[in-house]
Amino acid sequence: MAFQETDTVLGAAVNYRLAPTAKRYTLRDNGFTETKGGNFQLIRPLEATPQSNEGFKLKITVDKDIQKLKMSVTTANGLKAVNIFKDTSNDLLQEKFYFLMDGFISRGLFEKV
């Protein structure tokens, strides 16, 4: 999956892009870690009950120039992309995803497109 100017997770209705205020330190302050290639990556669990390790993971990667991103929700092992929006039994996971993204928006990392 290549980096894009705007991206969203599989099935989501809202697209996101990096905000002009997003900087290296802003990414680090919000839990992103720098990879060996210089990109920034965040992996957050999306699970119904905390510490259960049986839910999905939100993966967001920002390129080293802080211009493009890629996003996905994956299985717990991180190998397969999942659409949490196709089933109403995932309402809690959908709400958690939007809550996380709204938090990043309020901190100046992302913008809705």
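These exercises walk through a predicted model, each with a worked solution.

Residues are numbered from 1 along each chain as its sequence is written. Local features need pLDDT of at least 70, side-chain atom pairs count only at pLDDT 80 or more, totals for chains, interfaces and linings use all residues, and side-chain values use heavy atoms, with hydrogens and water left out.

**Exercise 1. Strands β4, β5 and β6**

Task: Trace the pairings of β5 with β4 and with β6.

Solution: 
- Step 1. Start with β4 (residues 40-46) and β5 (residues 56-62). Seven bridges hold this antiparallel pair. Phe 40 has Val 62 in β5 as its bridge partner.
- Step 2. Go on to strand β6 (residues 69-74). Six bridges join β6 to β5, again antiparallel. Leu 58 has Val 73 in β6 as its bridge partner.
- Step 3. Inspect the turn. The hairpin of β5 and β6 has six residues between the strands, and Ile 66 there takes a positive phi near 55°.

**Exercise 2. Charged pairs**

Task: Count the salt bridges, then work out which residues Glu 34 pairs with.

Solution: 
- Step 1. Recall the idea. Side chains of opposite charge can pair when their charged atoms come close. A salt bridge is a side-chain nitrogen of Lys or Arg within 4 Å of a carboxyl oxygen of Asp or Glu.
- Step 2. Count. The structure holds four salt bridges.
- Step 3. Take Glu 34 with Arg 24, at 3.0 Å from N to O. Glu 34 is in strand β3 (residues 33-34) and Arg 24 is in helix α1 (residues 24-29), so the pair ties together parts 10 residues apart in sequence.
- Step 4. Take Glu 34 with Arg 28. Their closest N and O atoms are 3.7 Å apart.
- Step 5. Check exposure. Buried means under 20% relative accessible area, exposed over 50%, partly exposed in between (1.4 Å probe, protein chains only). Glu 34, at 39%, is partly exposed. Arg 24 is partly exposed at 35%, and Arg 28 is partly exposed at 43%.
- Step 6. Move to another pair. Asp 102 and Lys 112 form a salt bridge, with closest N and O atoms 3.7 Å apart. This pair links helix α2 to strand β7, 10 residues apart. Asp 102 is partly exposed at 38%, and Lys 112 is partly exposed at 48%.

**Exercise 3. Thr 8**

Task: Is Thr 8 buried or exposed, and what does Thr 8 touch?

Solution: 
- Step 1. Locate Thr 8. This residue is in the loop between β1 and β2.
- Step 2. At 15% relative accessibility, Thr 8 is buried.
- Step 3. List its contacts. Leaving out residues up to four places away in sequence, Thr 8 touches Val 14, Asn 15, Tyr 16 and Met 71.
- Step 4. Note a polar atom. A polar side-chain atom of Thr 8 lies 2.5 Å from the backbone oxygen of Val 14.

**Exercise 4. The core**

Solution: 
- Step 1. Define the core. A nonpolar core is a set of buried Ala, Val, Leu, Ile, Met, Phe, Trp, Tyr and Cys residues joined through side-chain atoms within 4.5 Å.
- Step 2. Size it. The largest core has 28 residues, and Phe 32, Ile 60, Phe 97 and Phe 110 have the most contacts inside it.
- Step 3. Sort by element. β2, β4, β5, β6 and α2 give two or more residues each. α2 gives the most, with five residues.
- Step 4. Zoom in on Ile 60. Beyond four places in sequence, its contacts include Phe 32, Phe 40, Met 101 and Phe 110.

Conventions:
Helices (H or I, at least four residues) and strands (E, at least two) are DSSP runs, numbered from the N terminus. Two strands pair if DSSP finds at least two bridges between them. Contact means heavy atoms within 4.5 Å. A polar contact is a pair of N or O atoms within 3.5 Å; within protein, one must be able to donate a hydrogen and the other to accept it, and residues adjacent in sequence count only if both atoms are side-chain atoms.
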